[in-house]
Amino acid sequence: MIQNTRKKLRSLQRQARYGSADGSMSSTSAASQEKITILTPSPAGLPSWRQIIQPHPDVAEGRYYNAEFAADLAQVASGGGSFEYRDPKEFFDRTYVTEGLKGLLVQAIQRVTGQGGEPVIQLKTAFGGGKTHSMLALYHLLRGGSVLNKIDAVGALLKAAQASALPPVHVAVLVERILIPMSQNQRKTVPNTTISTLWGDLAAQLALSANKPELYGLVRNADENAVSPGSEALRKLFDGCGSCLVLMDELVAYARRIYGAKNRLPAGNFDNFISFIQEISEAARASKSSLVVASIPESNIEIVSDAGRKALHVIEHTFGRMEAIWKPVAANEGFEVVRRRLFLPCKDRDARDRVCQAFSDMYRENAADFPPETRELDYRERMKACYPIHPEVFDRLYEDWATLEKFQRTRGVLRLMASVIHELWMEQDSGLL
């Protein structure tokens, strides 16, 4: 009896929401025109948001998946992942280069072109705060090749770095999920050789990229015996290749797997791992034009356990001697990141500005009903920057929801807003925002 009642209620809810008792994303497009209106119709003379700007097709049609908002460096490095992360041009077209990200990329260009720049950079942000996305930006920028000429943002970055072009850069990606500390079945890029350690994998990747397999010999014995290779061997590896970029993601997760291991592992023990972190930092500093970038978690949800916390403490202390910390996404830049990812470029900026001006006028004329900041000129400019999403939505998501440990900041906002925008688009919402 109760189950039948619940089924009827759910059927009525679907009928009201989608215009069909079978309600789903697929039936939404053919739903009845007699739908519940989320927002009131637009005032005369002002176009609705959907006339001014359109969502990206995957958002509009509900073809996005939560996984698409989770950048995966390991997948991209192996030639996989979704198109928006895998293709350099698509990646940068959908990426808003924040001040922090710009600083990171400019420093990287300066470093690989021999103009100085930081040799070791630690990225530390909250859960979902942009660490992996920043690493992907570095990955695509420094190994993009001829396609870089088609990316608008690259010219501005080169100019800021006072560089005319990028040299060939050899990139190595060290990610916890690629290397398994307990086995010896990793990359076989060096003939008759099986890789077991982080430093062995590093050398194999760089030697392959530079087409100099003999460079692996610099760490061969250290890899076979699972002992750290020493900073001088790593420096020779870097300089032997030329300009290098090393991206190290999920270091704490990797260290957590070997911390306290009682049996000898092919990948070496925790002390070997920490020695390697110290040595690669020293080698990058001593090299001519190589850069090491490592991501360090700030959230307990990524640290997980006591072993993770101990590993994090040691890694921070080790990297902390030579690191430059960047905050890839500032709080006031999150809206631009989200808007760029979810929407196509604005089709009619004049119409957008008229809508934002109308809201600004309403706030001033009804001063007693709205917060004081809404009457300021800066607030109208914020509305333009956030359009078609109201700034208040971003404030609540980034200020209030961001205090929830399991809410992934920018990634969480993307997932939520993609769903909201899809529903409004399919319902042919006629609101101003």
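Is glutamine 428 buried, exposed or partly exposed? Glutamine 428 turns out to be partly exposed, with a relative accessible area of 47%; here buried means under 20% relative accessible area, exposed means over 50%, and partly exposed covers what lies in between, using a 1.4 Å probe and protein chains only. The model is a predicted one, in which local features need a pLDDT of at least 70, side-chain atom pairs count only at pLDDT 80 or more, and totals for chains, interfaces and linings use all residues. Residues are numbered from 1 along each chain as its sequence is written, and side-chain values use heavy atoms, with hydrogens and water left out.

First, the overall picture. The protein has 22 helices and five strands, where helices (H or I, at least four residues) and strands (E, at least two) are DSSP runs numbered from the N terminus. Of its 433 residues, 52% count as buried. The accessible surface comes to about 20400 Å², and carbon and sulfur atoms hold 49% of that; these areas come from the Shrake-Rupley method with a 1.4 Å probe, and for residues only the protein chains shown count as cover. Among contacts (heavy atoms within 4.5 Å) with a separation of 6 or more, 76% are between residues 24 or more positions apart.

Next comes the inside. In soluble globular proteins, nonpolar side chains tend to be buried together. A nonpolar core is a set of buried Ala, Val, Leu, Ile, Met, Phe, Trp, Tyr and Cys residues joined through side-chain atoms within 4.5 Å. The largest one here has 45 residues, and those with the most contacts inside it are Leu202, Phe238, Met248, Phe273, Phe276 and Phe319. Elements giving two or more residues to this core include strand S2 (169-175), helix H11 (198-209), strand S3 (243-249) and helix H15 (270-286). The most comes from H15, with eight residues. Another core, of 37 residues, lies apart from this one, and Phe92, Ala163, Val169 and Leu291 are among its members. As for phenylalanine 238, once neighbours within four places in sequence are set aside, its contacts include Leu202, Leu206, Val246, Ile280 and Val292.

Two strands pair if DSSP finds at least two bridges between them. S2 and S3 run parallel and are joined by seven bridges, with valine 173 standing opposite leucine 247 in S3. S3 also pairs with S4 in the parallel sense, over five bridges, and there leucine 245 stands opposite leucine 291 in S4. Helix H18 (residues 334-342) is mostly covered too, with eight of its nine residues buried. Those buried residues include Phe335, Glu336, Arg339 and Arg341.

Now for the rings. The structure holds 10 aromatic pairs; rings of Phe, Tyr and Trp (its six-membered ring) pair if their centres lie within 6.5 Å, and planes under 30 degrees apart count as stacked, over 60 as edge-to-face and the rest as tilted. The rings of tryptophan 49 and tryptophan 425 have centres 5.9 Å apart and planes at 55 degrees, so this pair is tilted. The pair links distant parts of the chain, with tryptophan 49 in helix H3 (residues 49-52) and tryptophan 425 in helix H22 (residues 410-426), 376 residues apart. Tryptophan 49 is buried at a relative accessible area of 3%, and tryptophan 425 is buried at 16%. Phenylalanine 91 and phenylalanine 92 have ring centres 5.3 Å apart and planes at 90 degrees, so theirs is an edge-to-face pair. Phe359, Tyr363, Phe370 and Tyr379 form one aromatic cluster.

Most residues other than glycine have a negative phi, and most peptide bonds are trans. Asparagine 211, in the loop between H11 and helix H12 (220-224), has a positive phi near 60 degrees. Glutamine 428, in the segment after H22, has a positive phi of about 55 degrees. A cis peptide bond joins tyrosine 387 and proline 388, with omega about 10 degrees.
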